[in-house]
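I opened the model today to look up a few local features. My entries follow the display.

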Amino acid sequence: MKFTPKTLLLLVLFMGLGIGLVVYKIGELTPDQRKIIVHSLTSANYFWVALSLLTGFVSHFSRAARWNMLMQPMGYEPKMKNTVAAVMTGYMINFAIPRAGEVFRCGVINRYEKVPLQRVVGTMVTERIVDVLGLLMVFVLAFLLEFDVLYGYFQTNVFNKVGSSGGSKIPGGYGLIIAAIIGISLLIAFRFLRGYLEKLHIYHRFKAFIKGFLEGIKSIRHLRSPFWFIVHTVIIYTCYFLMMYLCFFSMPETAGLSAGAGLALLAISSIAMIITPGGIGAYPLFVQAGLMIYGINKEIGYSFGWLVWSAQFIGIMVGGLLALIILPIMNPDVKPKDDPETTALLENI
């Protein structure tokens with residue numbers, strides 16, 4: 001798979017944002033704050049960090065097993081070793097370019113398991129939809145379990161300050177009206193251009209792709225074992241929680257935090273993973289902000305964020321690189337070549 005100028009530009013922009021946040025934050029620290037951060041990192045108990053890292057690998061295996069279950073109703077039986085390797089390489093690529101890793105792991109399954117690209121992309125999107133629902137559940141559970149802590153913090157530090165500052169509010173109805181106008185305009189434009197689009201070859205190729213794509217999404221309705229699909233989903237999010245919670249015990253300042261705090265911190269830190277690739281730069285800041293809600297000072301919070309992020313980064317980089325190396329070894333009969341479908345899809349991410 002070739003990286004196009006567009007993907008390279010995305011790489012520069014997103015990595016630049018992440019590195020910029022790191023440089024800005026480090027430059028903002030005083031010498032004493034830097035000493036506190038360095039001391040907390042060097043004195044941390046890395047047994048718990050290693051255990052957190054191992055938990056992360058368990059989540060990757062469950063994700064691979066769950067993905068296989070989505071491809072089975074379409075008549076494909078990917079080897080578990082290839083699916084695990086695809087998941088690992090996808091995570092590694094995502095650390096550089098958001099969403100590109102999803103395309104890459106689909107390309108791996110397409111190449112080594114001969115699953116049509118549009119179908120494997122459909123199952124991947126189904127996975128993403130399930131993950132969004134899972135993440136929403138994390139937010140809901142965190143809110144319910146930690147309602148008193150979270151509401152008290154925001155009442156004191158956000159709501160009261162906003163209320164005292166005055167200012168005007170924009171009626172929410174205007175947003176709905178604007179959204180409706182945009183939606184209607186797009187619908188009219190599509191109907192007007194449809195006759196012209198149907199004459200284009202690329203339009204029919206796109207329709208064929210969407211057809212296969214939808215077939216992949218519908219695979220969730222024909223799962224052989226919905227129970228185990230749910231079990232693997234629960235395992236994935238339990239592992240995500242444990243990756244954060246276990247690291248609490250690596251520092252004396254965070255060792256007393258509750259499981260509810262770990263769940264709340266997981267929800268807060270997940271936003272950072274969306275803002276920058278792999279959360280670089282943003283992840284420690286969001287973790288720092290989350291820990292400050294629980295009374296942890298900002299230096300310890302920032303160093304704890306770097307500790308958790310670094311463990312995840314190292315695990316994914318090592319696992320992803322090993323997967324790239326062993327994929328051709330595990331599949332000696334598959335000749336390496338660029339996949340034009342994957343390259344074309346990457347150009348449109």
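I am working with a predicted model, where local features need pLDDT of at least 70, side-chain atom pairs count only at pLDDT 80 or more, and totals for chains, interfaces and linings use all residues. Residues are numbered from 1 along each chain as its sequence is written, and side-chain values use heavy atoms, with hydrogens and water left out.

**Loop residue.** I looked up Lys 114, in the loop between helix 5 (100–113) and helix 6 (117–145). Helices here are DSSP runs of H or I, at least four residues, numbered from the N terminus. Lys 114 is not a glycine, yet its phi is positive, about 60°. Most residues other than glycine have a negative phi. Lys 114 has 57% relative accessibility, so it counts as exposed (over 50% relative accessible area, 1.4 Å probe, protein chains only).

**Helix pair.** Next I checked helix 3 (residues 46–71) against helix 13 (residues 298–330): the angle is about 50° and the axes are 10 Å apart. Axes are lines fitted to C-alpha atoms over the stretch in contact, and angles run from 0 to 180 degrees between N-to-C directions. Tyr 46, Val 49, Leu 53, Phe 57 and His 60 of helix 3 meet Leu 307, Ala 311, Gly 315 and Ile 316 of helix 13, with contact meaning heavy atoms within 4.5 Å.

**After helix 12.** Helix 12 spans residues 282–293. Just after helix 12, I found Gly 295 with a positive phi of about 85°.

Note on methods
Helices (H or I, at least four residues) and strands (E, at least two) are DSSP runs, numbered from the N terminus. Buried means under 20% relative accessible area, exposed over 50%, partly exposed in between (1.4 Å probe, protein chains only). The expected span of a helix is 1.5 Å times one less than its number of residues.
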